[in-house]
Amino acid sequence: MKLVPDTNADKRIDPATKRLVRSGVETVLNPFDEYAIEAGLQLKEKLNDGSTVTIVSMAPESGKEIVRKALAMGADNAVMLSDQALAGSDVWGTAYALAAAIRKGGFDLVLTGTQSTDANTGDLPGALAEYLGVPGLTYARKIEVADGRVRVQRETETGYQTLSAPLPALASITKSAAEPRYPSLKGIMGAKKKEIALLRVADLELTKPVGGDGAKVELLELAAPPVRGKGQVVTAADAVDGAKRIIDFLKERKLL
Amino acid sequence: MKNVIAFIEHKNGQARRVSLEAASAARTVADLLGGTAHAVIVGGDAAAVAAQLAAYPLDAIHVLADATTDKLIDPAVDALSVVAGAAGPSLILVGNTMIGRDVGSRFAARVDAGLNADVTEIRVDAGRVACVSPKLGGLSITTCAFKSDYGVAAIRPNVFAAKPGAGQAEIVAIAPLGKTYASVVEDEVEEVAPELGVEEASVVVSGGRGMGGPEPFKTILKDLADALGGAVGASRAAVDAGWISHGHQVGQTGKTVSPQLYIAVGISGAIQHKVGMRTSQTIVAINKDGGVPIGEFADLLVVGDAFAIVPELAKQVRDAKAVHA
């Protein structure tokens, strides 16, 4: 799971520093990842065979309390990959380092969100599956595990596919798969006692450089988009008038 | 990187529009780099799709015509790797779509390539390739250069033009991969008539909380979208209420779109929706309330009864088009 600036805040870029203005913007659990956590918990409950759910997050240690929230939902334990050396990682480096951290702990099934609300590349699940060397079942809107196989309904633009693969595997979970639960009071209390293990880059035996130095892309420029000004506001006298005003406008813009 | 390779998605024997845009961009960027432009097509219909791509100014179209690879990501990545390996350091263009992102990201991990997603412009400066992408829902525009030998750019649909032109591409068969894959597609179900998704459509007609129920999405909004040749979108409120499926959702936890025309019906324009559509070229809103936030950034806000205006608008659009026909 990833920590991101709050989805509902109207974020802005400081024109001088060209960085996101963080003050007043809370850091939260990436909303897309909540679906993955919920799907993991439901699988665990359904299997009821001693399977456990581990949260893995690459984030600064300051994000510990947000990771604890996932534990309060019911996850068994958590691993945080926290290292200053990872600052400035791109998607490539994030997938590479996370894969090493996940391999270290061992796994049958890796669940991810489909994208994050900040970078929003949607590239992590595929890259992670490749580094882990396992099948990637992306955009799962329904997931089940039985007899050593994972089966998903994979969303497509016009419907879905039923896709299955042997474990170990990776699946990215969509919003339709699971409505995230709220942590119970018992869960919140219990989470305080659960372990959050810290991993450093040195623990991972990586062979390629990570962080800003290892990144495969370099930020050259960060600009604010052209400002979108307030347009016209007209009140329709009736349906015909309202429609006609739109038609005239579309013609004026050569859209019709 | 010197050469450019476009990965072509296709369905029912037809290349997706974003893939034609990728093929066209491949030519443009290859010329700037002084290299060659390629396309890679995988699947049972690959030969038919190659015939369609022949109308584009590429140097080579690489074809793996094998129906057993249909619908799977892994063989597409394998085929792309074969072509990229032979081409040497190159830029790979995929659509910023569900399949394009999967193929692009897996390929990138395989060859340690840099990734740029949701690309709206590709620049070449002294042989170095950089990609422009809106981030944080269009709040900032980043330009990122590749530092790696290979690079993957997932291009945003509808931004690059599809430009057919003197096609002289050589059709090259990719040797059978001779691999078996662990993933199995057991079946595929079409739930909606094959139509453009909101990400690819040049016109999007979206409905929000103001629609009051599922019906308008199937009737008046669908009809207006049809009249304009567009797709139906929705706000989170409408999706959360179960009025329309998540695939239609525009906004922070849905799709990001930038059509030529975005029509927001009964949508207030909260930040969560705004970040998914503010890069649309033209925004028209219809709302019963003149004080909604969308009025602050829509090019035109018509205040009135959407249930009456939308059907009338569909009719007037058809009338206007009939005059041109």
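Where in chain B is the place of A86(B)? Have a look at helix α3 of chain B, residues 74-87, because that is the helix A86(B) belongs to, and at 72% relative accessibility this alanine counts as exposed. Good morning, everyone. Please keep in mind that what we have on screen is a predicted model.

Let me stay with A86(B) for a moment. Between A86(B) and V4(B) there are 12 Å in space, C-alpha to C-alpha, and the two are 82 residues apart in sequence.

Now over to S90(B), in strand β6 of chain B, which runs over residues 90-95. Is S90(B) buried or exposed? S90(B) is buried, with a relative accessible area of 0%. A polar atom of its side chain lies 2.8 Å from the backbone oxygen of G88(B). Leaving aside neighbours within four places in sequence, S90(B) is in contact with M1(B), K2(B), N3(B), V4(B) and I5(B), with A84(B), and with D149(B), Y150(B) and G151(B).

Still in chain B, let's go to helix α2, residues 46-53. Which residues of this helix are buried? They are A46(B), V49(B), A50(B) and L53(B). These four cover an arc of only 105 degrees around the axis, so they sit on the same side of α2(B). And what covers them? The cover includes the strands β2 (10-11), β3 (14-15), β4 (37-42), β5 (60-64) and β12 (170-173), along with helix α1 (17-33), again in chain B.

At its start, a side-chain oxygen of D238(A) reaches to within 3.1 Å of the backbone nitrogen of V240(A). After the helix comes K254(A), whose phi is positive, near 55 degrees.

The side chains of K244(A) and D248(A) meet at 3.0 Å, N to O. The two residues are four apart, about one turn of the helix. K244(A) is partly exposed at 44% relative accessibility, and D248(A) is partly exposed as well, at 36%.

That brings me to salt bridges in general. Over all chains, the count comes to 35. R181(A) sits in the loop between β9 (169-173) and α5 (185-191) of chain A, E38(A) sits in helix α1 (residues 31-47) of chain A, and 143 residues separate the pair. How do they compare in burial? R181(A) counts as partly exposed at 26% relative accessibility, while E38(A) is buried at 3%.

Finally, the interface between the chains. In chain B, 89 residues are in contact with 85 residues of chain A. The area buried between them is about 7400 Å², and carbon and sulfur atoms give 54% of that. On the chain B side, M98(B), R106(B) and Q252(B) lose the most area to chain A, together 9% of what that side buries.

How many salt bridges are counted between chain B and chain A? The count is eleven. Alongside those, 40 residue pairs are in polar contact across the interface. Helix α9 of chain B, residues 306-324, gives the largest share of the side that touches chain A, with nine residues.

Two of the bridges deserve a name. E186(B) and R151(A) meet with their side chains at 2.9 Å, N to O. E130(A) pairs with R106(B), the closest N and O atoms being 2.7 Å apart. E130(A) lies in helix α4 of chain A (residues 124-132) and R106(B) in helix α4 of chain B (residues 98-111), so this pair joins two chains. Both residues are buried. Salt bridges that share partners also join E130(A), D78(B), R106(B), R110(B) and K179(B) into one network.

Conventions: Residues numbered from 1 in each chain as written. Chains lettered and ligands numbered in written order. Predicted model: local features only at pLDDT ≥ 70, side-chain atom pairs only at ≥ 80, totals over all residues. Heavy atoms only, no water. Polar contact = N/O pair within 3.5 Å; in protein donor to acceptor, adjacent residues only side chain to side chain. Buried < 20%, exposed > 50% of the residue type's maximum accessible area, 1.4 Å probe, protein only. Contact = heavy atoms within 4.5 Å. Buried area = accessible area lost by both parts, 1.4 Å probe. Salt bridge = Lys/Arg side-chain N within 4 Å of Asp/Glu carboxyl O. Arc of directions from axis to C-beta.
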